[in-house]
Amino acid sequence: MPDVLNLIDGALVEARDGGWRDSINPATGEPHTRCPDSSAADVDRAVSAAREAFPGWSSLPVAERSDALRRLADLIDEHRDDLARLESIDQGKVLSQAREIEIPRSAANFRFFAGAVEHAASSFHDMGGAGFNYTLRRPRGVVGCIAPWNLPLYLFTWKIAPALATGNTVVGKPSELTPATAGRLGELAIEAGLPRGVLNIVHGDGAVVGHRLVEHPEVGTITFTGGTSTGARIAETAGPLFKRISLELGGKNPVVVCEDADLDRAMPHIVRSAFSNQGQICLCGSRILVHRSRLEEFMEGFLPRVSALRTGDPLDPESDLGALVSREHLDKVQAYIELARSEGGKVACGGRRPPELPDRLDGGAFLEPTVLMGLPQSCRTNQEEIFGPVVSVQGFDSHGEAVRRANDVPYGLACSIWTNDLSRAHGMAARIDAGIIWVNCWMVRDLRTPFGGWKQSGVGREGGEEALRFFTESTNVCIGFEP
Ligand code: NDP
């Protein structure tokens with residue numbers, strides 16, 4: 001595959017000092033492309049370009065900005081097959097996940113926010129005979145968008161689209177592990193006719209490129225999705241500079257299976273919620289809490305389904321699971337399985353490299369979907385984010401206990417509840433500390449709704465109006481009437 005390049009000031013360029021990084025196909029362990037190993041100087045050039053483009057872009061009529069973003073969405077759709085294949089090779093995900101879900105959603109991100117700003121209104125407060133107030137919402141300037149490797153284009157565009165639609169200019173930094181589709185996005189942005197400097201993309205190490213973006217004095221807004229410890233470092237740097245930050249971080253999401261749950265209906269969704277993208281979605285359910293009266297029946301249905309999942313070549317349409325993102329990440333996930341054993345847990349299925357992979361995949365980062373049982377609530381395996389194809393199943397005796405366990409982790413991103421009892425569903429939803437609660441479904445997303453986490457799962461909300469607010473600054477204008 002051709003080299004991935006930075007997009008700076010409307011041109012596709014190498015890093016200024018010429019460094020490169022290999023991007024590894026995690027299914028084979030072999031490099032498949034390379035991207036610029038950029039430095040702080042490349043970030044500075046990109047920020048200058050974005051700053052210069054800001055007055056022109058922010059003063060365009062909203063419809064013109066939205067049309068440009070819709071052209072970009074159309075190009076993503078046109079190149080869907082190519083982008084999906086790249087995402088699969090770069091990240092290890094099965095091709096269908098990229099083709100059917102992630103690439104269409106990347107286009108939808110641009111289309112949604114292009115429409116949202118055309119329909120947005122700001123507030124008006126009447127003071128009767130004394131006058132009135134209206135609130136202006138203006139773009140904030142240059143926005144830094146930092147994205148992780150798990151849903152590379154989907155999450156990168158989730159940040160870029162609302163930032164651009166509201167009139168800001170952007171310097172984006174994809175994960176160094178998955179630069180390929182961000183590289184193609186840069187090419188498509190030029191083809192869509194985005195004015196130069198409006199969108200800039202700089203590849204490279206997080207601690208260099210990401211850090212420079214966060215500390216750069218001209219970047220007043222940072223939107224970040226990634227791990228909780230990186231989020232803490234970003235907050236530490238950005239806080240004293242009074243930047244506006246949005247942090248979408250890790251999770252340890254509970255799946256609550258109530259006494260009355262319809263298991264036949266729930267089971268395929270619960271399996272999907274645990275193992276989609278090899279468990280590397282921040283919203284995956286990694287702790288399954290089952291009412292003890294249904295635990296045996298649940299395991300009888302769950303384990304055969306999990307064991308039947310095929311882990312293999314991400315490009316093979318027969319594969320249900322592909323590779324983890326890297327050997328290093330695989331080592332981390334496997335270390336958690338060992339930890340679970342030492343904490344008294346039992347591996348009910350999985351836990352190994354799949355035995356029958358073709359020779360071509362010898363260097364790949366593969367792990368069977370793994371189910372753990374018998375672990376106490378307080379152990380590290382049940383408290384820390386593993387971010388792999390590993391779930392822990394626990395029983396509970398009362399629905400109050402389920403709520404307590406659901407909340408008894410440092411995270412609060414998402415939860416799914418399986419019940420046919422309406423008042424139980426509403427009651428639990430009001431008591432579980434999570435940014436998203438699904439009842440009898442999982443991963444159903446409406447882009448108008450708020451998205452974000454409680455506790456160590458994040459700071460702030462994006463999505464819908466929350467995003468329009470985050471990426472704009474308000475000024476209240478008070479008009480006084482003559483007495
Ligand atoms: P990381 O925190 O390692 O990296 C995220 C991004 O931050 C990458 O682009 C990374 O660059 C960059 N980065 C790393 N160090 C710094 C720094 N010091 N300053 C600025 N940027 C930096 O996360 P992962 O990529 O490992 O992603 C997995 C994590 O993301 C999981 O914890 C997962 O739960 C979370 N996540 C949260 C979501 C949510 O919406 N709440 C959604 C999806 C994932 P580089 O890769 O080049 O080092």
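Predicted model: local features only at pLDDT ≥ 70, side-chain atom pairs only at ≥ 80, totals over all residues.

Me: Which residues lie nearest the centre of the largest cavity?

Reply: The largest cavity has a volume of about 130 Å³. Strand 13 (285–291) and strand 16 (390–396) each supply at least two residues of its lining. There are 16 lining residues, and those nearest the centre are Gly251, Gly279, Cys284, Ser286 and Phe387.

Me: How many cavities of 30 Å³ or more does the structure hold?

Reply: The largest cavity, at about 130 Å³, is one that passes that cut-off. The second largest cavity, at about 70 Å³, passes as well. With that cut-off of 30 Å³ or more, the count for the structure is 6.

Me: Which element gives the most to the lining of the second largest cavity?

Reply: The lining includes Arg105, Leu151, Tyr154, Leu155 and Trp158. By class it has 9 nonpolar, no polar and 2 charged residues. The element giving the most, with 3 residues, is helix 5 (residues 152–165).

Me: On to the largest pocket. Which element provides the largest share of its lining?

Reply: The pocket has a volume of about 1,000 Å³. Elements giving two or more residues to its lining are helix 7 (206–215), strand 10 (219–225), helix 8 (228–238) and helix 11 (327–342). The largest share, 6 residues, comes from helix 8.

Me: How many residues line the largest pocket, and how do they divide by class?

Reply: At least three lining residues come from each of domain 1 and domain 2. The lining has 39 residues, with Trp149, Phe224, Gly226, Gly227 and Thr230 nearest the pocket's centre. By class, that's 15 nonpolar, 15 polar and 9 charged.

Me: Now the ligand. Which residues come nearest?

Reply: There are 31 residues around the ligand. Thr230 is one of the residues nearest the centre of the largest pocket, and Thr230 is also among those that come nearest the ligand.

Me: How much of the ligand's area does the protein bury?

Reply: A backbone N or O atom of alanine 147 lies 2.7 Å from a ligand oxygen, while a polar side-chain atom of serine 175 sits 2.9 Å from a ligand oxygen. For histidine 211, a backbone N or O atom is 3.5 Å from a nitrogen of the ligand. Taken alone the ligand exposes 910 Å², and the share of that buried by the protein is 90%.

Notes. Residues numbered from 1 in each chain as written. Heavy atoms only, no water. 1 Å grid on protein atoms, 1.4 Å probe; cavity = no way out; pocket = protein on both sides within 12 Å on 5 of 7 lines; lining within 4 Å. Points joined across faces, edges and corners; volume = space filled by probe spheres on them. Helix = DSSP H or I, 4+ residues; strand = E, 2+ residues; numbered from the N terminus. Nonpolar A, V, L, I, M, F, W, Y, C, P; charged D, E, K, R; others polar. Domains from an automatic or database assignment. Near = heavy atom within 4 Å. Polar contact = N/O pair within 3.5 Å; in protein donor to acceptor, adjacent residues only side chain to side chain. Areas by Shrake-Rupley, 256 points an atom, 1.4 Å probe, with all protein chains shown as cover.
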